[in-house]
Amino acid sequence: MRTLVLNAGYEPLAIVSFKRALVLVMNDKASVIERIEGDPVWGSRGAYDRPAVIILSRYVRVPNSRRVPVTRRGVLRRDNHRCGYCGKAASTIDHVMPRSRGGADSWENLVACCLRCNNVKSNRTPQEMRWELRFVPRPPHGTAWTVRGTERSDPRWEPYLALAA
């Protein structure tokens, strides 16, 4: 069981085990705002609600330098698994400026791509193909991208993750 931890301003900070979340609540560092009904945690002093979402009592300053690492899964997620050229379902990623021509592995140079477009484009730029990208590739933003584990989220987390997007 995992628990979503929200900052005092309701932005997602982390996902922790329910044990860690319970320790934060018992030490008055957090409050439970969503609980898992019918599944209490039994301790020597009785039963406690199993937390699904907790909020910290004090605001924790998060440095802005939290950069999201570039990964294949991240590029596909950012582009909603849609090809940057034709809009069909994407299963690969493509370098807009090919690596053989000095293209970097960066958020600005990678797009999700269907297998057909990736093979046809090959080692060329979109301008050489007379293709246009459907959007300008940018690094993802929002605190939901810096919190690991939200891709396998609990349905009770959705309202809190939607606030951060």
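## Salt bridges, cores and cysteines in a predicted model

The side chains of Lys121 and Asp94 are joined by a salt bridge, with N and O 3.2 Å apart. This pair connects distant parts of the chain, since Lys121 belongs to helix α3 (residues 115-121) and Asp94 to strand β5 (residues 92-95), 27 residues apart. Lys121 counts as buried, because its relative accessibility is 0%. Asp94 is likewise buried, with a relative accessible area of 4%. The structure described here is a predicted model.

### The other salt bridges

In total, the structure holds five salt bridges. Another of them joins the side chains of Arg78 and Asp79, at 2.7 Å from N to O. Arg78 is a buried residue, with a relative accessible area of 18%; the cut-off for this class is under 20%. Asp79 also counts as buried, at 8% relative accessibility.

A further salt bridge is formed by Glu128 and Arg101, whose closest N and O atoms are 2.7 Å apart. Here too the pair links distant parts of the chain: Glu128 lies in helix α4 (residues 126-129), while Arg101 lies in the loop between β5 and β6 (110-113), and the two are 27 residues apart. Glu128 is partly exposed, with a relative accessible area of 43%. Arg101 is partly exposed as well, its relative accessible area being 40%.

| Salt bridge | N to O distance |
|---|---|
| Arg78 and Asp79 | 2.7 Å |
| Lys121 and Asp94 | 3.2 Å |
| Glu128 and Arg101 | 2.7 Å |

Which residues of helix α1 are buried? In this helix, which spans residues 18-26, they are Phe18, Ala21, Leu22 and Leu24. These residues lie on the same side of α1, because they cover an arc of only 160 degrees around the axis. The elements that cover them include the strands β1 (2-6), β2 (12-17), β3 (30-43) and β4 (46-56). After α1 comes Asp28, which has a positive phi, near 55 degrees.

In soluble globular proteins, nonpolar side chains tend to be buried together. In this model, the largest nonpolar core has 10 residues: Leu4, Leu6, Ile15, Ile36, Ala52, Val53, Ile55, Trp157, Tyr160 and Leu161. At least two residues of this core come from each of β1, β4 and α6 (158-164). Strand β4 gives the most, with three residues. Another core, of eight residues, lies apart from the largest one; Val16, Ala21, Ala30 and Leu56 are among its members. Ala21 has already been named as one of the buried residues of α1.

### The cysteines

How many disulfides does the structure hold? The number is zero. Cys83 is in no disulfide, and the nearest cysteine sulfur to it, that of Cys86, is 3.8 Å away. A disulfide requires sulfur atoms within 2.5 Å. Cys83 counts as buried, at 0% relative accessibility. Cys117 is also in no disulfide; its nearest cysteine sulfur belongs to Cys114 and is 3.5 Å away. With a relative accessibility of 4%, Cys117 counts as buried.

Technical notes:
Residues numbered from 1 in each chain as written. Predicted model: local features only at pLDDT ≥ 70, side-chain atom pairs only at ≥ 80, totals over all residues. Heavy atoms only, no water. Buried < 20%, exposed > 50% of the residue type's maximum accessible area, 1.4 Å probe, protein only. Helix = DSSP H or I, 4+ residues; strand = E, 2+ residues; numbered from the N terminus. Arc of directions from axis to C-beta. Contact = heavy atoms within 4.5 Å. Core = buried A, V, L, I, M, F, W, Y, C linked by side-chain atoms within 4.5 Å. Salt bridge = Lys/Arg side-chain N within 4 Å of Asp/Glu carboxyl O.
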